[in-house]
Amino acid sequence: MADKPTKGLADVVAASTALSDIDGKAGRLFYRGYDIHDLAGRATFEETAHLLQCGKLPNRDELERYGQELVRGRELGALVSANIPEIAEKQKPMEALRSLVSLSGADDPDKDSIAPDANHRKAARLTAQQPLLVARYHAARNGAEVPEPDPALSIAANFLLQVTGRTPAQREVEIFDTCLVLHADHTMNASTFAARVCAATLSDMHSAIVAAIGTLKGPLHGGANEQVMKTLESISPTGVAQAVREKLDAGEKIMGFGHRVYKTEDPRATHLRRMSQELAESTGDDTYYRMSKEMEEVVFEMKGLYPNVDFYAASVYHYLGIPTDLFTPVFSISRMSGWTAHVIEQHADNRLIRPDSEYIGERDQKWKPIEER
Ligand code: ACO
């Protein structure tokens, strides 16, 4: 008989990985051994994606080559391009992304291979295409044209330019780039686990990423950042403490708080809080930052919970001019670098992921013909 399951697989070690590591008690996060505090604000998202997908921080030549691969790889295929308008009309952003990534698999020149070199090329293409898919989707639903990405600009700068329609300030680009670095990988989170389960059947990279996007969409995972913004918008700036107390007293969860692994402050939240404050000061409207700070104090006082990565990401994205329903797609733009690296890692040393279950249903049922039921 199987052992009692651990509900939600809490504390179960489900895979070995060299990609990222968390010390939940100390509130520390590492990508391939580098402390997130050393990477945030110093490494670019492109360097971070290279670190995850190719195993090392790139030198100048490697970064140049990887950058060119990203520029070449972001060209969207015919099938995906043709379907953006109709998908934009019928699907919400994360549903659309799931559909569009699935279609882009059909366009991919390496679609029939899971060999390491094909997987690396697909990882770069998926990373390059994700921001463009979000920007094209957003433009299509607004009946607008999207400016072509500028090969001289970073992923962060191009995305802000394409989605907001204005040239972002240099500091805005730096802040958004840091957000992408902070969200890039996070051990065996639900969407990464979903990607690895799919990849472990020797299915292909795009199938695994579709599984991951569907999993990130949920409000207990990546969908929380959008819910945080909706909470901020739904309560009065002068009634924050009361609104939060009422929600908690009613047994509601406050989105953006709590974490399965961190028992102290999420190190990513430290950077995001600081960036939210900076943007609040520079825009001259600190309402959402102040409300967030107050929410944080009340939730800690009542539940002892800390903000997670999604909490201050909401006000940061808001201040950067990103539409609220694109917050979770933005998460996927960054996490694509980690998901694809995990698929590469899974395929490199694979075994089918197939856990056991505890049976809790009826036993020894007697068959009855349909007329007797
Ligand atoms: N607000 C209020 N109470 C909470 C919250 C919250 N955000 N999070 C946890 N709790 C409470 C639960 O109600 C539960 O209380 P109980 O023991 O009295 O029933 C206790 O803390 C444990 O919570 P669980 O949901 O069992 O913890 P778990 O480890 O399964 O879940 C999770 C972690 C999903 C992140 C949870 O904290 C949550 O739902 N947070 C809100 C959603 C969120 O912000 N998700 C993003 C997470 S980060 C990411 O995925 C990128």
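Between which two helices does the loop that holds Leu202 lie? Select Leu202 in this predicted model: its loop connects H9 and helix H10 (205-216). The phi of Leu202 is near 65°, a positive value in a residue other than glycine. Most residues other than glycine have a negative phi. Leu202 is exposed, because 11 other C-beta atoms lie within 10 Å and the limit for an exposed residue is 12 or fewer.

**Thr187**

Next, select Thr187, in the loop between H8 and helix H9 (190-199). Thr187 also is not a glycine, and its phi is positive, about 45°. Is Thr187 buried, exposed or partly exposed? With 19 C-beta neighbours inside 10 Å, Thr187 counts as partly exposed, since a buried residue needs 20 or more.

**The whole chain**

Now display the whole chain, which contains 16 helices and three strands. Its C-alpha atoms fill a box of roughly 70 × 55 × 45 Å along the principal axes. For 373 residues, a compact globule would have a radius of gyration near 21 Å, and the chain agrees, with 21 Å. Buried residues account for 46% of the 373 residues. Among contacts with a separation of 6 or more, 76% join residues 24 or more positions apart.

**The nonpolar core**

In soluble globular proteins, nonpolar side chains tend to be buried together. The largest nonpolar core of this chain has 98 residues. Select Leu100, Ala195, Ile209 and Val316, the residues with the most contacts inside that core. Leaving out residues up to four places away in sequence, Ala195 touches Ala208, Ile209, Ala211, Ala212, Trp339, His342 and Val343.

**Helix H13**

Select residues 267-283, which form helix H13. This helix of 17 residues reaches 25 Å from its first C-alpha to its last, close to the 24 Å expected at 1.5 Å a residue. Its buried residues include Pro267, Arg268, His271, Arg273, Met275 and Leu279. What covers the buried residues of H13? The covering elements include strand S2 (28-31), helix H1 (36-39), helix H8 (170-182), helix H14 (287-303) and helix H15 (309-319). Step past the end of H13 to Gly284, where phi is positive, near 80°.

**The ligand**

Centre the view on the ligand, which 19 residues surround. Colour Ala224, Lys253, Phe257, Gly258 and Arg260, the closest of them. By class, the shell comprises seven nonpolar, eight polar and four charged residues.

Select Arg60, found in helix H3 (residues 60-73). Arg60 has 7 other C-beta atoms within 10 Å and is therefore exposed. A distance drawn from the C-alpha of Arg60 to that of Asp11 gives 40 Å, with the two 49 residues apart in sequence.

Finally, select Arg74, in the loop between H3 and helix H4 (78-90). Why does Arg74 count as buried? Arg74 counts as buried because it has 21 C-beta neighbours inside 10 Å, where 20 or more are required. Leaving aside neighbours within four places in sequence, Arg74 is in contact with Ala128, Gln129, Leu132 and Pro149.

Terms used. Residues numbered from 1 in each chain as written. Helix = DSSP H or I, 4+ residues; strand = E, 2+ residues; numbered from the N terminus. Expected span 1.5 Å × (residues − 1). Contact = placed C-beta atoms within 7 Å. Near = placed C-beta within 6 Å. Nonpolar A, V, L, I, M, F, W, Y, C, P; charged D, E, K, R; others polar. Rg over C-alpha atoms; globule rule 2.2 N^0.38 Å. Core = buried A, V, L, I, M, F, W, Y, C linked by C-beta atoms within 7 Å.
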